[in-house]
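My entries follow in the order I made them.

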Amino acid sequence: MSNLYRSAISARAAKLAQLPPIQNSPKETHEAVGEDEDEENESISDLPGSGLGPPAMQRVPNPDFAPISASGFFQEALQVDIPDRKLDCRLYYTPPKFKDGTVMVCHHGAGYSGLSFACFAKEVTEMTKGECGILALDARRHGKTTSTEKDNDDLSVDVLIADFCAILQTVFKSPESAPTLLLVGHSMGGSVVVGGCPKLLEKKYKIAGVAVLDVVEGSAVDALPHMNSLLNARPDGFDGMEEAIEWHISTNTILNTLSARVSIPSIIQYKEGASPPYQWRTPLRSTAPYWLSWFKGLSSNFLSTRTARLLVLAGTDRLDRELMIGQMQGKFQQVVVPGVGHMLHEDNPTRIAEILVEFWKRNERMLVGIKKVGEL
């Protein structure tokens, strides 16, 4: 979000030079858990990215942009019923190998899904030798999370925060036996994890820290008037999943082809009879009423959070006044990552994992005193 205006301009330019559409690919064969009767025995191999799409009609889709299953990035895919929130929530989880380990809980940005953290999750697992787990979720109206109630589509920040806390309280029912949690949020998700942190602390969950990826309240709010320019540069849909993936790469929306091949199938859905047939799961224009709520007050909430704080930015971006003062006072750690765009955790998952693992190591040791985190 901190690069939003620049993204809007580059996306508009890229649209003018967009490649001809790639034709349809074979119809998707694997859906989310619970979407038809053949899914009762869904395994990790059925994660989004393994489907193939509707029948090819004219030419073979470009295999360089073929979807990739998420099975190699998380141990399991879960559908978790949250009755109080009227949600059937999709989670991707790799638990820590030790019972008292830490779990990084990752909340995606608007329009994306938990699988935007897939490559990052694999890097964290490998870097920590499994000592740090990863839990990534699909938020309301995103990815494979569905509502059990009609018109339950409010995406205001308070609703998303309540969803987030309810999910964690469902997965980790007892704060005493729950692992230590390190909350990670990208863009919109940054506001959600910052808002959720004090509520989880009140419930006695152990929080090692909060990490916000590429969102600053001042520049995010300033960028909102330019959102329509960004959205005007986005196609209404695609003729094939490969075309959707290629569009994200050719417009530099995502710089990492591997990550796009894993994550993009979870944000696009095939709709029989639609033209074009592959449509956005979360049309961003429909989220416009909630944009200001996502970012207003983020800086003060971030600085007042009673845990370790990390802000990771894509390129140099001006901090708003509150964050500038907070940085001078040493209230949070800031890391600027060059050579990446807004989807920095997809663009360079290795570097973002290095930053987050170091943050985890330092603050886990501070949280538990003399406990040693592996041999890292």
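I took a salt bridge to be a side-chain nitrogen of Lys or Arg within 4 Å of a carboxyl oxygen of Asp or Glu. The model is a predicted one, in which local features need pLDDT of at least 70 and side-chain atom pairs count only at pLDDT 80 or more, while totals for chains, interfaces and linings use all residues. Residues are numbered from 1 along each chain as its sequence is written, and side-chain values use heavy atoms, with hydrogens and water left out.

**Entry 1**

I looked up Arg-351 and found its side chain in a salt bridge with that of Glu-354, at 3.3 Å from N to O. Both sit in helix α13 (residues 349-368), 3 residues apart, which puts about one helical turn between them. For helices I used DSSP runs of H or I with at least four residues, for strands runs of E with at least two, both numbered from the N terminus. I called a residue buried under 20% relative accessible area, exposed over 50% and partly exposed in between, with a 1.4 Å probe and protein chains only. Arg-351 is partly exposed at 34%, and Glu-354 is partly exposed at 37%.

I then checked Lys-361 and Glu-358, whose side chains meet in a salt bridge at 3.6 Å, N to O. This pair also lies in helix α13, 3 residues apart, or about one turn of the helix. Lys-361 is buried, with a relative accessible area of 16%, whereas Glu-358 is partly exposed at 37%. As a reminder to myself: an α-helix has 3.6 residues a turn, so residues three or four places apart point the same way.

**Entry 2: the Asp-163 site**

How many salt bridges does the structure hold? I noted 5. One of them joins the side chains of Asp-163 and Arg-140, at 2.7 Å from N to O. Asp-163 lies in helix α3 and Arg-140 in the loop between β4 (132-137) and β5 (146-147), so this pair ties together parts 23 residues apart in sequence. Are Asp-163 and Arg-140 buried or exposed? Both are buried. Salt bridges with shared partners join Arg-85, Arg-140 and Asp-163 into one network.

**Entry 3: α3 against α4**

I fitted axes as lines to C-alpha atoms, for helices over the stretch in contact, with angles running from 0 to 180 degrees between N-to-C directions. Helix α3 (residues 157-171) packs against helix α4 (residues 188-202) at about 60°, and the axes are 9 Å apart. That makes α3 oblique to α4; angles under 35 degrees count as roughly parallel, over 145 as roughly antiparallel, 65 to 115 as roughly perpendicular and the rest as oblique.

**Entry 4: α2 and its end**

I listed the buried residues of helix α2 (residues 118-127): Ala-118, Cys-119, Phe-120, Ala-121 and Val-124. After α2 comes Lys-129, with a positive phi near 55°.

**Entry 5: Pro-83**

Where is Pro-83? I found Pro-83 in the loop between β1 (76-82) and β2 (87-94). Pro-83 counts as exposed, at 56% relative accessibility.

**Entry 6: Met-324**

I placed Met-324 in helix α11 (residues 321-328). Met-324 is partly exposed, with a relative accessible area of 41%.
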